[in-house]
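Open the model in your viewer and switch to a cartoon view. The stops below say what to select and what is there.

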Amino acid sequence: MMTALKTLCLSLMLSCPVFAHAETVTGSATYLQRMMLPPGATLEVTLEDVTRADAPADVIATYTAENLGAPPYAFTLEYDPAEIQDRMSYNVRASIRHDGRLMMTTMDAYPVLTRGAGSEVEVILKKVSQPQEVDADLVNTYWKILTIGDMQMEVAEGRREPHMILRGGDAVGYSATVGCNQINGGYELDGETLRLNPGMSTMMACLPPLDIAEAALKTALPQVARWQVDGQNLTLEDAAGTALMTLVAVYLQ
């Protein structure tokens, strides 16, 4: 088949023949969810031979698009009419992926070209359900500090990474550091409210930029009033709901 020939010549880095009389399937792809796609999402639309239900579909033509804005997305599938047979069945399939993860796909059949179907089609993509991620525990989890206010935290050479731990059990308390002094204290936890009480701290002199980062940490900690965990991400907020710190759970081996 021509499809096999095209695949072979592409794999061998050869020049594939251009169809003398190429024809097209055109249409648009859209989704109904009120959401924007993340940067880097990719749309792929394929024209497939789906005649045999007991075998994988044979892909005849493919269209891809990047830097997607808002739907709908117009597409054109160019194919060799010599590959199309009236007794066969053909379908258009579409999917959207981000970082290799399938986000949306068509879940209905969209026939084209034969058995009364035309060469124009509108397809609807539906969101793919993802396994629900279990939220990390606030207490007894090692939380790596990502930001304090609008300041990105980085690991200073030869220093510990910025982190925070809220301990439970018989040793209730918290410890936090940006890589210089360790700040310790107690905490009060009631549902989504959290208060970090001041405690003892080591008294080393912090060289730049750790001095600025530690000052920001000492300012943020007593302002914490609320917490939110989403999957493996923790946000500490003030009473007005403004994010003071963002952290991510790290599981030490």
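In which sense do strand S5 and strand S6 pair, and over how many bridges? Select residues 90–98 for S5 and residues 101–106 for S6: the two strands pair in the antiparallel sense over four bridges. Bear in mind on this tour that the model is predicted.

**The whole chain**

Zoom out before going further. The protein has two helices and 18 strands. Of its 253 residues, 38% are buried. Take the contacts between residues at least 6 apart in sequence: 55% of them join residues at least 24 apart.

Go back to S5 and S6. Show the side chains of Ile96 and Met104; Ile96 stands opposite Met104 in S6. Then select Asp99. The hairpin of S5 and S6 has two residues between the strands, and Asp99 takes a positive phi near 55° there.

S6 pairs with S8 in the antiparallel sense, over three bridges.

**An aromatic pair**

Select Tyr63 and Phe75 and show their rings. The structure holds one aromatic pair. The ring centres of Tyr63 and Phe75 are 6.5 Å apart and the planes are at 45°, so the pair is tilted. This pair links distant parts of the chain, since Tyr63 is in strand S3 (residues 58–65) and Phe75 is in strand S4 (residues 73–79), twelve residues apart.

Are the two residues buried or partly exposed? Tyr63 has 25% relative accessibility and therefore counts as partly exposed. Phe75, at 2% relative accessibility, counts as buried.

**The hairpin of S14 and S15**

Select strand S14, residues 187–190, together with strand S15. They pair in the antiparallel sense over four bridges. Tyr187 stands opposite Leu196 in S15. Two residues lie between the strands of this hairpin, and Gly191 in the turn has a positive phi of about 65°.

Next, select Asn197. Asn197 is in the loop between S15 (193–196) and helix H2 (210–220). Which residues does Asn197 touch, not counting residues up to four places away in sequence? They are Tyr174, Gly185, Gly186, Tyr187 and Glu188. With 19% relative accessibility, Asn197 counts as buried; the cut-off is under 20%.

**The disulfide**

A disulfide joins Cys180 to Cys206, with an S to S distance of 2.1 Å. Cys180 is in the loop between strand S12 (173–177) and strand S13 (183–185), while Cys206 is in the loop between S15 and H2, so the pair ties together parts that are 26 residues apart in sequence. The link of Cys180 and Cys206 is left-handed, with -100° about the S-S bond. Both cysteines, Cys180 and Cys206, are buried. The count of disulfides comes to one.

**Helix H2**

Select H2 and look down its axis. Which residues of H2 are buried? Leu210, Ala213, Glu214, Ala216, Leu217 and Ala220 are buried. Seen down the axis, the buried residues of H2 fall within an arc of 160°, so they line one face of the helix. Now show what covers the buried residues of H2, which includes S9, strand S10 (151–152), S12, S13 and S18.

**The nonpolar cores**

Hide the cartoon and show side chains. The largest nonpolar core has 32 residues, of which Ile148, Met164, Leu196, Leu217, Leu221, Leu236 and Met245 touch the most other members. Among the elements that give two or more residues to this core are strand S9 (142–148), strand S11 (163–167), strand S16 (226–230), strand S17 (233–237) and strand S18 (243–250). H2 gives the largest share of this core, five residues.

Select Leu236 to see its surroundings. Leaving aside neighbours within four places in sequence, Leu236 is in contact with residues including Met164, Leu194, Trp227, Met245 and Leu247.

For the last stop, select Val25, Tyr73, Met103 and Val123. These residues are included in a second, separate core of 30 residues.

Note on methods: Residues are numbered from 1 along each chain as its sequence is written. This is a predicted model: local features need pLDDT of at least 70, side-chain atom pairs count only at pLDDT 80 or more; totals for chains, interfaces and linings use all residues. Side-chain values use heavy atoms; hydrogens and water are left out. Buried means under 20% relative accessible area, exposed over 50%, partly exposed in between (1.4 Å probe, protein chains only). Contact means heavy atoms within 4.5 Å. A disulfide is a pair of cysteine sulfur atoms within 2.5 Å. Two strands pair if DSSP finds at least two bridges between them. A nonpolar core is a set of buried Ala, Val, Leu, Ile, Met, Phe, Trp, Tyr and Cys residues joined through side-chain atoms within 4.5 Å. The arc is that of the directions from the helix axis to the C-beta atoms. Rings of Phe, Tyr and Trp (its six-membered ring) pair if their centres lie within 6.5 Å; planes under 30 degrees apart count as stacked, over 60 as edge-to-face and the rest as tilted.
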